[in-house]
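Please read this briefing alongside the sequence and the coordinates.

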Amino acid sequence: MQISPPYIFEPSKKKRDRLLSFAMKDDFFASIIHDLIDYGYEVKFSVFGTAGAYKPFALSTEKLDTTHKKQQFINGFWKISESGNMKAKIQLSSLLGARGNAHNFLHEIMHFYQDMYGLYFLPLKEQGVFPISLDANSNIVSMLFCEAWAEIETIRTCWALAKKGDNSGWIGAINSPDWKDLAKNYDYDLQSGVDEAKAALNAFNSWYKSKQRLFYEMQALKIYKINFARYLEDIKDVNDAQISDNLRSLGLSDILAFIPQNHIPKYFTQIDLSDELFNKPISANIIKSVNEIEQKYGAEHSSNIQDIRCGSPPYIWKRLRNAEVQSSEVPPH
């Protein structure tokens, strides 16, 4: 009798191909996989930790103050993209096994999808210019939303695929160290006859009330401070008032406007968008830190988030590719 080797010793390609095959069983995630493959990606498996990771980032460039420089930037972007130096990088844990990673993989590629539509609002850093960017509170709001939506969409899809015969992701969900309660409660709601949109809404609201939220608030503030320091690099003679003028404020309703209409889940229409649960941090330490930042740079900022020139590579790639497709289409007779 031949004994299969433990998952941890399986070749990475075999693990990766299994994950791609699993995601392709759902229409929405299949569309993400097609974009992920076209964009370029890496999936790595680590023996340290039990969580996945996708790390969005933004580009830096010279000041794009002429049409020629903007075209040079686009040309350079395509060159770097085609060389494979801007691949989406996803890290998973070998310790979780195939089922745990089926769940985590969907979560992480949801982040790639969010990144393609600019939902992290990471500005392009132009040399010598403090970019128009989110303020501290808004950074936390956007990051929490991306995490909550990624997990709820993952749970919904894993449950649906289990009903179609592949329960690998669902077993990963109900055994997740962080999100098993969300998954089990979602299942309980559905088994009790609760409408799917209501069950998803309950899970979404529960995410924001979970203890894990505090970790993401701390992480969001940490990332904000790192990015803020980067924005100030190579800038001379900029004062607090000028920085404040370039900060933007958003709420949950502003984020939803960036999602393609055909991809907005039904339960989103039932969210109380004005609830402070979604629009403010709840950790006392995070609130204190945000208040200190607001005292320095002001608490009232413009809500014109469309002013942000997004520097996320997947976002730029998606926009440029769409423009190419539209310009190459044969016009109707």
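The notes below are grouped by topic.

The model is predicted. Its largest nonpolar core has 101 residues, and the structure holds 28 aromatic pairs as well as 14 salt bridges.

**Nonpolar core**

- Within the largest nonpolar core, which counts 101 residues, those with the most contacts are F105, I109, F145 and Y208; the largest share of this core, 15 residues, is contributed by helix α5, which spans residues 136–163.
- When neighbours within four places in sequence are left aside, F145 is in contact with L119, F204, Y208, L252, I255, L256, I259 and F268.

- Apart from neighbours within four places in sequence, N104 is in contact with T50, A51, G52, L92 and L96.
- Helix α9, made up of the 21 residues 212–232, reaches 31 Å from its first C-alpha to its last, which is close to the 30 Å expected at 1.5 Å a residue.
- The buried residues of α9 are Q212, R213, Y216, E217, A220, L221, Y224, N227, F228 and Y231, and just after this helix D234 takes a positive phi of about 60°.

**Aromatic pairs and a charge over a ring**

- Among the 28 aromatic pairs of the structure, Y113 and W149 form one that is edge-to-face, with 5.9 Å from centre to centre and 75° between the planes; this pair links distant parts of the chain, since Y113 lies in helix α4 and W149 in helix α5, 36 residues apart.
- Both Y113 and W149 are buried.
- F130 and F228 also form an edge-to-face aromatic pair, in which the centres are 5.4 Å apart and the planes are at 65°; here F130 comes from the loop between β5 (125–126) and β6 (133–134), whereas F228 comes from helix α9, so that the pair links distant parts of the chain that are 98 residues apart.
- F130 is buried at a relative accessible area of 6%, and F228 likewise counts as buried, at 10% relative accessibility.
- K15 lies over the face of F45, at 4.9 Å from the ring centre.

**Salt bridges**

- The side chains of D166 and K25 meet in a salt bridge with an N to O distance of 2.6 Å, and this pair links distant parts of the chain: D166 is in the loop between α5 and α6 (168–174), K25 is in the loop between α1 (12–23) and α2 (27–39), and the two are 141 residues apart.
- D166 counts as buried at 17% relative accessibility, whereas K25 counts as partly exposed at 44%.
- A salt bridge also joins the side chains of K69 and D65, at 3.1 Å from N to O; K69 counts as partly exposed at 24% relative accessibility, and D65 counts as partly exposed at 46%.
- D307 forms a salt bridge with R248, in which the closest N and O atoms are 3.1 Å apart; because D307 lies in the loop between α13 (284–297) and α14 (313–328) and R248 in strand β7 (residues 247–248), the pair ties together parts that are 59 residues apart in sequence.
- D307 is partly exposed, at 34% relative accessibility, whereas R248 is buried, with a relative accessible area of 6%.
- D35, D38, K318 and R321 are linked in a network of salt bridges.

Key. Residues numbered from 1 in each chain as written. Predicted model: local features only at pLDDT ≥ 70, side-chain atom pairs only at ≥ 80, totals over all residues. Heavy atoms only, no water. Contact = heavy atoms within 4.5 Å. Helix = DSSP H or I, 4+ residues; strand = E, 2+ residues; numbered from the N terminus. Expected span 1.5 Å × (residues − 1). Buried < 20%, exposed > 50% of the residue type's maximum accessible area, 1.4 Å probe, protein only. Core = buried A, V, L, I, M, F, W, Y, C linked by side-chain atoms within 4.5 Å. Phe/Tyr/Trp six-rings, centres within 6.5 Å; stacked < 30°, edge-to-face > 60°. Lys NZ or Arg CZ within 6 Å of the ring centre and 35° of its normal. Salt bridge = Lys/Arg side-chain N within 4 Å of Asp/Glu carboxyl O.
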